[in-house]
Amino acid sequence: GGANEAVIAMLRQIGTEENIPKFLARAKDKSDPFRLMGFGHRVYKNYDPRAKEMRKLVDACIDETRRAATKSVKEADRKEADEIVRLLHLATELEKQAMADDYFVSRRLFPNVDFYSGIALTAMRIPTSMFTVIFALGRCVGWITQWRESIEDKTAERKIARPRQVYTGPAEKKYVPISEREAGSLNRSVSRAFTASALDNTVSGYFF
């Protein structure tokens with residue numbers, strides 16, 4: 001965690017589109033501590049496919065931010081919306097110029113998912129200090145499952161654990177509004193089936 005927070009800090013440090021060439025030059029200078037945050041990935045050696053989807057989410061978030069700012073009577077809301085739009089324009093231009101530079105392309109330093117996710121979170125009014133928390137929330141179930149599997153697996157010593165799961169619940173369930181739900185209406189059998197399959201390391205399935 002923290003990479004998307006670093007991207008926001010970097011964009012604010014760059015400040016304007018006119019400064020982009022100077023910062024790209026600094027990123028290529030090995031003696032300069034400045035690093036281009038949100039570029040490159042240890043697995044994706046081409047354009048990170050998640051970054052394309054995240055960019056769509058950013059556009060949707062900014063559209064909503066603009067609509068809310070238009071309806072708001074608060075000057076602070078309009079300034080906030082302008083700042084988010086400015087960050088997106090700056091990020092878009094930074095990506096454009098970096099992808100036109102053979103230094104970054106030849107090294108396969110393409111934008112990754114963190115390059116745009118920070119802007120999406122900012123548009124949602126989530127403070128940068130909470131970015132890593134949001135990052136961790138969606139992974140907690142997998143982390144706990146992996147920990148339990150590693151504790152319960154006594155058959156072999158592993159340097160890395162790969163928890164597996166096979167979902168056995170229904171493929172589709174009808175959404176029930178919260179106001180219409182009964183207390184304790186969670187389908188516990190489905191929950192138990194999912195948990196058991198996730199912890200059973202004899203079951204073949206998908207890796208997290």
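Trainee: Which residues does I119 touch, leaving aside those up to four places away in sequence?

Mentor: This is a predicted model, and in it I119 touches I8, L11, V58, I84, L87, L88 and A91. I119 also belongs to the largest nonpolar core, where M10, L11, L36, L94, F115, Y116 and I119 touch the most other members of the 33. The largest share, eight residues, comes from α4.

Trainee: What makes the E83 and R12 pair a salt bridge?

Mentor: Check the gap: the closest N and O atoms are 3.5 Å apart. The cut-off is within 4 Å, so the pair counts. E83 sits in helix α4 and R12 in helix α1, 71 residues apart.

Trainee: Why is E83 called partly exposed?

Mentor: Its relative accessibility is 25%. Buried means under 20% and exposed means over 50%, so E83 falls in between and is partly exposed.

Trainee: And why does R125 count as exposed?

Mentor: R125 has 53% relative accessibility. That is over 50%, so R125 counts as exposed. Its salt-bridge partner E80, at 27%, is partly exposed.

Trainee: What makes E80 and R125 a link between separate parts of the chain?

Mentor: E80 lies in helix α4, while R125 is in the loop between α6 and α7, so the pair ties together parts 45 residues apart in sequence. Their closest N and O atoms are 2.7 Å apart, so they pass the 4 Å cut-off too.

Trainee: How do you know that E64 and R67 are about one helical turn apart?

Mentor: They're three residues apart in helix α3, which means a separation of about one turn.

Notes. Residues numbered from 1 in each chain as written. Predicted model: local features only at pLDDT ≥ 70, side-chain atom pairs only at ≥ 80, totals over all residues. Heavy atoms only, no water. Core = buried A, V, L, I, M, F, W, Y, C linked by side-chain atoms within 4.5 Å. Buried < 20%, exposed > 50% of the residue type's maximum accessible area, 1.4 Å probe, protein only. Helix = DSSP H or I, 4+ residues; strand = E, 2+ residues; numbered from the N terminus. Contact = heavy atoms within 4.5 Å. Salt bridge = Lys/Arg side-chain N within 4 Å of Asp/Glu carboxyl O.
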